[in-house]
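Welcome! Have a look at it first, and then we can go through it together.

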Amino acid sequence: MKFGLMYANAGPFAFPEMLTHLATTAERVGFESMWTVEHVVIPVGYGSQYPYDPSGKIPAPDQLPLPDPLIALAYAAAVTKTLRLATGILILPQRHPLYVAKEVATLDVLSHGRMILGIGVGWLAEEFEALGIPFAERAGRTAEAVRAMRSLWKDAPEPFDGKYFRWGLLESHPKPIQKPGVPIVVGGHTKLAARRAARYGDGFFPGVADDEKLTWLLGILRDECRKIGRDPAGIEVTSGRATPKRDSVKRLEDLGVSRWVVAPPAFDPEGLTSGLEALGDLIAKSR
């Protein structure tokens with residue numbers, strides 16, 4: 001089991017001192033990765049239902065500092081050496097794939113091949129409206145953007161002709177260090193997300209903390225893989241959870257989970273150090 005930290009750019013970790021402390025301490029105690037989240041804006045009084053909390057709202061103030069996930073990872077890359085740098089998740093249909101392909105490849109080069117691109121289709125309709133992007137098109141735009149980025153990461157330029165994006169021969173450099181490109185992890189908590197992961201994901205990050213629902217989603221993933229002739233073993237599964245224990249780690253491993261991602265254990269330097277060191281002891285015992 002690998003261990004990662006999620007919400008790594010939220011709140012106090014939006015600022016250089018605490019982001020540095022989080023990244024360097026996590027690397028020191030044995031964490032494999034850190035995962036940043038994204039909302040470019042939070043529309044005031046939004047009516048969309050946040051799917052990961054019973055309240056239907058993001059469980060944080062609307063004014064919570066939430067910097068760009070890729071810029072935060074670039075900063076973390078500069079203060080670490082081995083920690084993998086992941087978006088968990090980047091709302092891909094809100095961004096043009098020409099820019100995402102360039103930014104992610106650049107980060108992969110600057111970090112010596114440590115980038116993971118976690119993507120999702122988004123849930124906040126009012127955010128899409130502010131950006132002028134049709135909310136109803138988000139799934140189609142996401143799938144096409146994945147194909148477009150993988151095309152841009154190839155060594156030789158090739159034209160792209162899709163429904164939402166199209167271009168002739170283009171040079172996009174630098175290319176990612178990782179071949180054939182930066183791993184793409186599909187996030188989501190629905191059967192449609194599981195099917196998307198089966199169709200075009202290198203990994204799957206189901207946003208659920210319940211073993212029964214996780215088992216259901218992984219079953220859908222495997223069924224879809226069978227339909228399209230893909231080996232589900234090639235899709236790495238990440239699960240966001242509370243503080244791990246040795247027996248719960250074994251249970252998730254048996255379900256097919258490869259990475260356990262937890263929130264930072266504290267928001268002050270001393271609490272963060274002691275909390276991460278305690279998690280580091282468990283990580284060492286889980287190997």
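Is Gly240 buried or exposed? In this predicted model, Gly240 has a relative accessible area of 14%, under the 20% cut-off, so Gly240 is buried. The points below start from there.

**Around Gly240**
- Gly240 belongs to strand β10, which covers residues 236-240.
- Gly240 and Gly4 are 236 residues apart in sequence, yet their C-alpha atoms are 9.0 Å apart in space.
- Leaving aside residues up to four places away in sequence, Gly240 touches Met6, Phe205, Pro206, Val208, Ala209 and Val261.

**Nonpolar cores**
- The largest nonpolar core has 67 residues, and Phe31, Met34, Leu117, Trp153 and Phe204 have the most contacts inside it.
- Apart from that core lies another, of seven residues, including Met6, Ala86, Ile116 and Val185.
- Among the residues that Trp153 touches are Ala101, Val104, Leu117, Pro176 and Ile184.

**Helix α5**
- Helix α5 has 15 residues (138-152), and at 1.5 Å a residue it should span 21 Å; its end C-alpha atoms are 21 Å apart, so the two agree.
- Its buried residues include Arg141, Glu144, Ala145, Ala148, Met149 and Leu152.
- The buried residues of α5 pack against α3, α6 and the strands β5, β6, β7 and β8.

- Val40, Val41 and Leu131 make a nonpolar surface patch of about 230 Å².
- Leu131 is found in helix α4 (residues 125-131).
- With 36% relative accessibility, Leu131 counts as partly exposed.

Conventions
Residues are numbered from 1 along each chain as its sequence is written. This is a predicted model: local features need pLDDT of at least 70, side-chain atom pairs count only at pLDDT 80 or more; totals for chains, interfaces and linings use all residues. Side-chain values use heavy atoms; hydrogens and water are left out. Helices (H or I, at least four residues) and strands (E, at least two) are DSSP runs, numbered from the N terminus. The expected span of a helix is 1.5 Å times one less than its number of residues. Buried means under 20% relative accessible area, exposed over 50%, partly exposed in between (1.4 Å probe, protein chains only). Contact means heavy atoms within 4.5 Å. A nonpolar core is a set of buried Ala, Val, Leu, Ile, Met, Phe, Trp, Tyr and Cys residues joined through side-chain atoms within 4.5 Å. Patches are made of residues with over 30% relative accessible area and no salt bridge: like charges are joined within 9 Å, nonpolar side chains (Val, Leu, Ile, Met, Phe, Trp, Tyr) within 5 Å. Accessible areas come from the Shrake-Rupley method with a 1.4 Å probe; for residues, only the protein chains shown count as cover. A salt bridge is a side-chain nitrogen of Lys or Arg within 4 Å of a carboxyl oxygen of Asp or Glu.
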